[in-house]
Amino acid sequence: MDTASSRPRGLRLRLRHLRDRLLVTLCLVALVLAVVPLVWVLWEVVGVGVRHLSWEFLTTLPRPPTVGGGGWANAIVGSVVVVGMAMLMGAPVGIATGIYMSEYGDNPLGKSARFLSEVLAGLPSIVAGIVAYGLIVVTMGRFSAVSGAVALALLFIPIVAITTQEALKMVPGHQREASYALGVSEAGTTLSVVLPAAMGNVLTGIMIATARIAGETAPLLFTAFNSRYWMEGIDRPTATIPVNIYAYAISPFEHWHQQAWAGALVLLAMVLALNAVARSLWARRARFMAGH
Amino acid sequence: MAEQMTTRDLKVSFGDQHAVKGVDMEIRPRAVTAIIGPSGCGKTTFLRALNRMHDHTPSARVSGEVLLGDRNIYGDGVDPVDLRIRVGMVFQRPNPFPTMSIRDNITFAPKRHGLAKGKALDDLVERVLHQAALWDEVKDRLGASAMGLSGGQQQRLCIARALAVEPQVLLMDEPASALDPTATQRIEELIYDLKKDYTIVIVTHNMQQAARVSDRTAFFYMGLLVEFGETDRIFTNPREERTEAYITGRFG
């Protein structure tokens, strides 16, 4: 072998291997940096939350800090109602917008809808709260669960619209053509062929958006506000878990801090449970679509 | 039931690209017409103009006439959705609806069009599955996912699905090119049986296939219909030099 030419080549090869390794190592470090805080947050919330979680916490109303005890039952119900209403308002609008953008959006209206959805998806959540405050709280003259739901729906809609659009775009064109070729209209094709085929990803989008709004605090501060009592109606101030966490965490009482941890755990569990239910409902359909 | 189709100076372009450049062709009822030609010769574009599939491609422009019987399908007052009930299509790759069962794939369109319901719908499912030579293989699992079928079975299901809306013309765009030889043979036998009742146009890359299944063959080249005649004559005694060059494998 000609050493004069092989040595630099060997060196180059070694350098290339080294660079390769370095890159993989950097990626691994980045991965660890990203995952560690996540695992740590989960660990902390579950570890500390579980210690202060009790039947009383889940089923009774709050008590004054000087008395001790009490629970967040009203806030748990409030969160379910406010987030549920936001989903009921937001999902149809978001899905319909996504359908328009994907299937009929090759025009200026579709382009502006896409642009606005992307901007709104990055909307600071407190701004959504201000909008709902101006629109509903001021008009009604009081804080209410419904105004909180509107604020959350404002955050929910653009996420669902964008993920629905992406989900529909992933349905292959030959599925649409198969339907057109049978004399089915565009609208019929969209609703009966394209949307069902994309439903798994549409659902994922809804879950992501739900997880996002379930933990939102800022938009609820001056819309749903808070309450120490059971919900009296969707037109009344309502306690929610995130606002309670905020209020309890900044209080000077150790006993309240502990309840805030338990509340955080309940919120986390609710989001995960919703996710698990949606996924298991979908799993059968997905297996069917895979031919089983 | 089967209708004749006639094209007059049919042109299709996408932007400034002219894919079909003025084709006059008579497609006989109750016969198989094969369209052959090298890639990019406009044969699929031509086929898709026969049931207005180009309506869904914004850049596509179609001019000239396509007559179904004696009515221009591009004329005023023709609804492309209605037209496609009469002119069905089978695609290159089997494309059953993944969210639907075998049965639902077939009943989807007839139910929407109000063609049958109840017992009549069950009869329709059985009849078209028999026509597509698939009944014996799927009769015990009509509720199962269509995606669990083999590629060849899926394609026969797609043919059954197309037949379920009772079309007069069946367009087939390389219906066997994604299938293995056994499945291909079954599809070819099926085409042979179906021509008793339908007008069939099949685009194919496979010249043996064209020779086996078709009564008449059209050779397309660069967007033009170069030669059109009885299949036997085209393959044994082509008049055009380009046709001969293509069928003897000198280009394409």
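Predicted model: local features only at pLDDT ≥ 70, side-chain atom pairs only at ≥ 80, totals over all residues.
Strand β1(B), residues 5–14, has another partner in strand β2(B), residues 17–27. These two strands also run antiparallel, and eight bridges join them. Within this pairing, B:S13 has B:H18 of β2(B) as its bridge partner. Between β1(B) and β2(B) lie two residues, and the two strands form a hairpin. In the turn, B:G15 has a positive phi of about 60 degrees.

Chain B also touches chain A. Which chain gives 24 residues to this contact, and which gives 20? Chain B gives 24 residues and chain A gives 20 residues. On the side of chain B, the elements that supply two or more residues are α2 (80–86), β6 (87–90) and α3 (102–113). Of these, α2(B) gives the most, with four residues. Sorted by class, the residues on this side of chain B are eleven nonpolar, eight polar and five charged.

Turning to chain A, the domain assignment divides the chain into domain 1, residues 3–52, and domain 2, residues 58–289. The centres of domain 1 and domain 2 of chain A, taken over C-alpha atoms, are 35 Å apart.

Two packed helices are described by the angle between their axes and the distance between the axes. Helix α3(A), residues 73–104, and helix α8(A), residues 186–214, have axes that come within 10 Å and cross at roughly 140 degrees. Because of this angle, α3(A) is oblique to α8(A); an angle over 145 degrees would count as roughly antiparallel. The crossing of α3(A) past α8(A) is right-handed.

The residues that make this helix contact include A:S79, A:V83, A:A86 and A:M87 of α3(A). Further along α3(A), the contact includes A:I95, A:I99 and A:E103. From α8(A), the contributors include A:T190, A:V194, A:V202, A:I206 and A:T210. By class, the contact of α3(A) with α8(A) has eleven nonpolar, three polar and one charged residues.

Conventions
Residues numbered from 1 in each chain as written. Chains lettered and ligands numbered in written order. Contact = placed C-beta atoms within 7 Å. Nonpolar A, V, L, I, M, F, W, Y, C, P; charged D, E, K, R; others polar. Pairing = 2+ DSSP bridges. Axes fitted to C-alpha atoms, helices over the stretch in contact; angles between N-to-C directions. Parallel < 35°, antiparallel > 145°, perpendicular 65-115°, else oblique. Left-handed = near helix turned anticlockwise from the far one by under 90°. Domains from an automatic or database assignment.
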